[in-house]
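Here is a short briefing to read alongside the structure. Have the 3D view open and follow along, topic by topic.

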Amino acid sequence: FRSPASPRTMAGDAAAAAAVAPAGASKAAAGLRAVPAEVRQIVLERCGAEASPLGKDERRRFLRLGTNEAMRALERGQVNLLILCKDARPPRALGALMVLAARRRVPTILIARGRRELGGEFRLPATSALAFVEAEGKEPETPAELKARQRVASLVAFLRQYAELPPGPPRRNKKKKKDKHGATGGAGAAAPAGGAGQGGAGDEPPHGFQPNPPKRPRMAS
């Protein structure tokens, strides 16, 4: 069971997702490849055979359909596996979901042109995301709920072989500030040992040098 995220962590993840989302789906999905056509067909068929027969209550407990529901579940740290469609609507939702999935380290399957097919498995016109979540409910479970849990767990275990971890957003390298002499570190940089200029207090006099030589006495005339 995944522990729920704190409000501060949820706010940070949502802010990071919002920062990447305007870039569009093409940039966010560049590091995660869509599965091949044959794997795509297997994923859709298994979801239709195992997940779609679940009743309304079981779906509410174990599945999240659509980008909004998947986003909320990711922010709460409840998702075990995520299926995303590359033709998601709106397109920037795909990037936001991938950022959160990368931060939560949620295995993700990306399928191409699958909105209508994935939605059709659940008797919906279309859906861009399907999240398998850890159910929270009363104990002990009824026989129907226990059977649904086992079915979903078996489906998630099967689909994990096709899933990958989405890459996180690129980190920006912070440039060090340079002073007028070209040294890095700004005001905190160490000063030379001999002071700011030549002949400072730290300079050693040459050998045999006398700073104030003694004056010779004048001869009486």
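Which residues are buried in helix 6? They are Ala93, Leu94, Gly95, Ala96, Leu97, Met98, Val99, Leu100, Ala101, Ala102 and Arg104. Please keep in mind that this is a predicted model. Its chain has eight helices and four strands, and buried residues make up 37% of its 221 residues.

**The chain as a whole**

- Along the sequence, the elements follow the pattern α-α-α-α-β-α-β-α-β-α-β-α.
- Among contacts with a separation of 6 or more, 81% are between residues 24 or more positions apart.
- The chain exposes about 14,700 Å², and carbon and sulfur atoms supply 52% of that area.

- Four strands form an open sheet in the order 1-4-2-3, and their pairing is mixed.
- Strand 1 (63-65) and strand 3 are the edge strands, each pairing on one side only.
- On average, neighbouring strands of this sheet are turned by 15° against each other, direction ignored.
- Strand 2 and strand 4 run antiparallel and are joined by five bridges.
- Two residues to look for here are Leu84, which stands opposite Ala129 in strand 4, and Leu81, which stands opposite Phe132 in strand 4.
- Strand 1 also pairs with strand 4 in the antiparallel sense, over three bridges, and Leu65 has Leu130 as its bridge partner in strand 4.

**Strand 4, covered on both faces**

- Five of the five residues of strand 4 are buried.
- Ala129, Ala131 and Val133 are buried on one side of strand 4, and Leu130 and Phe132 are buried on the other.
- In a regular strand, side chains alternate between the two faces of the sheet.

**Helices against the sheet**

- Helix 3 lies across strand 1, strand 2, strand 3 and strand 4, and it runs at about 115° to strand 3.
- Helix 6 (residues 91-104) lies across strand 2, strand 3 and strand 4, running at about 155° to strand 2.
- Helix 6 is mostly covered, with eleven of its 14 residues buried.
- From its first C-alpha to its last, helix 6 reaches 21 Å, close to the 20 Å expected at 1.5 Å a residue.
- Just after helix 6 comes Arg105, which takes a positive phi of about 55°.
- Helix 5 (residues 67-75) has Thr67, Ala70, Met71, Ala73, Leu74 and Glu75 buried.
- Gly77, which follows helix 5, also has a positive phi, near 70°.

**The nonpolar cores**

- The largest nonpolar core has 25 residues, and those with the most contacts inside it are Ile83, Ile109, Leu130, Phe132 and Leu159.
- At least two residues of this core come from each of helix 3 (37-51), strand 2 (79-85), strand 3 (108-111), strand 4 (129-133) and helix 8 (143-159).
- A second, separate core has 20 residues, including Leu32, Ala70, Ala88 and Met98.
- In soluble globular proteins, nonpolar side chains tend to be buried together.

Technical notes
Residues numbered from 1 in each chain as written. Predicted model: local features only at pLDDT ≥ 70, side-chain atom pairs only at ≥ 80, totals over all residues. Heavy atoms only, no water. Core = buried A, V, L, I, M, F, W, Y, C linked by side-chain atoms within 4.5 Å. Buried < 20%, exposed > 50% of the residue type's maximum accessible area, 1.4 Å probe, protein only. Pairing = 2+ DSSP bridges. Axes fitted to C-alpha atoms, helices over the stretch in contact; angles between N-to-C directions. Contact = heavy atoms within 4.5 Å. Expected span 1.5 Å × (residues − 1). Areas by Shrake-Rupley, 256 points an atom, 1.4 Å probe, with all protein chains shown as cover.
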